[in-house]
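Subject: Structure handover

Hello,

Please find the structure below, followed by notes on what was found in it.

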Amino acid sequence: MYTGKIISKGKQYIIGWVKNENHKFPVRIQVISKNKNRVILDFLAQRQLKRDPGGKIGKYGFRVSVDRLIETGVKGEVLIQTADERFQFKPINLPSKISHKRQMNLNKRQINMPNIFLIGGQYSSGKTTFARELAKINKGVHLLSLDTLFKNDAFPSGVHQRILGYVNSPMFNKQDFVRLFFNEYLHTIPFNEVNTVIIEGWVLSHEFIRKKLTQVLMLYGNPVFMQLVDHKLRFRKQLFTKSHEENAKAFYEFYKKIRLEDLTKRTTYQFYSDLGQKTFNSNTAEKIKKAKMPTLKGKTILDIGCNAGYMSNTFARDKAKAVHGIDVRRISVSIASQYNNVFYQSPNVKFYHIDVYDFKPEEKIDIIYASSVFHYFREKQDYFFEHAHNIMSKNGLMVIEIELYEEKTDSPYTYKYKRGVDDSPCHFPNQKMLEKMIKGKFEVKSKELSVSQKGSKLNRYFFHLLKK
Ligand SMILES: C[S@@+](CC[C@H](N)C(=O)[O-])C[C@H]1O[C@@H](n2cnc3c(N)ncnc32)[C@H](O)[C@@H]1O
């Protein structure tokens, strides 16, 4: 015997509880869609009610996201029941649209981690000239001179010696200086817009100030500190003794080397062969060739599941008008942006930490690229094509790599299996199922074998799908 109740049928969630006869175990619940005629969700109701600590009463709560149901293509009536079919709740009618709360502000999801160079040095050490030279060899730079922070502090800017005297006097309050920086200047730095932020000022030689600024700037990018002494540059244990122009170039080469070592340690799936990284089993560089991308010039491109950004960064250098790299893993997009900021500095690529289903750009997408990601969409594969269709421009092209199930080919079928790397089974359609999903929205323009990868037992194909 079961008892149960739907407590709330809100726009966002269906919330309820269920109790089983022996009070002991959480209950398996299924959501069945009438229009799809199949089970859409299968889960355990296992939240213990607040009023039932320890689960003595045996009521187990559950919450189903309405948006998640709509995204899987479910319309109209859904039925919630126990998996053994012995108890059913009253059927529920879904709203026809996703609640507007799910509309995300894309700007807030953009992640960019610029290089941040903190340049310290005494008056006349050459730090300002060096900072300008370093700015010249970077593409998108925001340059900030901390000396200007003293402008309103009784000294006209540029009167270095007097400022120096002030800072070394008991009148100077270093905590207050840090606060001034945070209150007045931090928010003026366009961290998401630039590749490099250069902050110079001899006040950075103050250990307290440098440390505090570094701690906070680490949240926005990768700060490194360097010091000018008598027109020589000191960075980590290196001394650069040539002209400022040559020092800036030599410094940047050295900087690239240490950043590459760091990024290589943190990159696990893709690899940048052009930067000399060794291949992982994902065959990244080979895969992008197999994709046979069309001319990208002037096009807006979306790279879904961009990971460490290899494809996005390559598209950006291939003269795309705009590239959006998106991934549900925040660390991936952060790393992807760092590769661009350190090595390529393309102005036309942006990375977003966002699920593809929440990605609704203002400007339509001309080309969608999606490799090694479709199987993760699971129940939402069907809806993916609808969503993609909505955000694409007329005559848009989707270049999608799919692991096809080829054993059963006579009728639409999705093979579900859990590979070593997965938490739950991924979905691998056969070609008939793919054709069914894209019907009326896309047509197959080409299909070609992609790379083979360790860990996947099915063949991967690149499909070019033309938007109808
Ligand atoms: C196996 S990697 C493939 C990376 C890259 N596309 C490639 O082929 O080299 C899959 C990536 O897709 C991301 N991903 C999975 N589901 C996603 C979703 N719904 N929206 C955006 N990214 C997703 C994962 O976080 C992961 O970085």
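How many helices and strands are there in the protein? There are 12 helices and 23 strands. Helices (H or I, at least four residues) and strands (E, at least two) are DSSP runs, numbered from the N terminus. The model is predicted, and local features need pLDDT of at least 70, side-chain atom pairs count only at pLDDT 80 or more, while totals for chains, interfaces and linings use all residues. Residues are numbered from 1 along each chain as its sequence is written.

**Overall**

Taken along the principal axes, the C-alpha atoms fill a box of roughly 85 × 60 × 40 Å. Of the 468 residues in the protein, 36% are buried. A residue is buried if 20 or more other C-beta atoms lie within 10 Å of its own, exposed if 12 or fewer, and partly exposed in between, with C-beta atoms placed from the backbone. Among contacts with a separation of 6 or more, 67% are between residues 24 or more positions apart. Two residues are in contact if their C-beta atoms, placed from the backbone, lie within 7 Å.

**Helix 9**

Helix 9 covers residues 310–317 and is mostly covered, with 7 of its 8 residues buried. Which residues of helix 9 are buried? They are Tyr310, Met311, Ser312, Asn313, Thr314, Phe315 and Ala316. These buried residues pack against several elements, including helix 8 (284–290), strand 16 (322–327) and helix 10 (330–344).

The axes of helix 9 and helix 10 come within 9 Å and cross at roughly 40 degrees. Axes are lines fitted to C-alpha atoms, for helices over the stretch in contact, and angles run from 0 to 180 degrees between N-to-C directions. The two helices, helix 9 and helix 10, are therefore oblique to each other; angles under 35 degrees count as roughly parallel, over 145 as roughly antiparallel, 65 to 115 as roughly perpendicular and the rest as oblique. In this contact, Ser312, Asn313 and Arg317 of helix 9 meet Ala336, Tyr339, Asn340 and Tyr344 of helix 10. The contact of helix 9 with helix 10 has 3 nonpolar, 3 polar and 1 charged residues. Here Ala, Val, Leu, Ile, Met, Phe, Trp, Tyr, Cys and Pro count as nonpolar, Asp, Glu, Lys and Arg as charged, and the others, Gly among them, as polar.

The loop between helix 9 and strand 16 holds Asp318. Asp318 is partly exposed, because 15 other C-beta atoms lie within 10 Å.

**Helix 3 and helix 7**

Helix 3 (residues 127–136) packs on helix 7 (residues 244–265) at an angle of about 55 degrees, their axes 8 Å apart. That angle makes helix 3 oblique to helix 7. Thr129, Phe130, Glu133 and Leu134 in helix 3 meet His244, Glu245, Asn247 and Ala248 in helix 7. By class, the residues of this contact are 3 nonpolar, 3 polar and 2 charged.

Ile40 lies in strand 4 (residues 38–45). Ile40 is partly exposed, with 18 other C-beta atoms within 10 Å.

Regards
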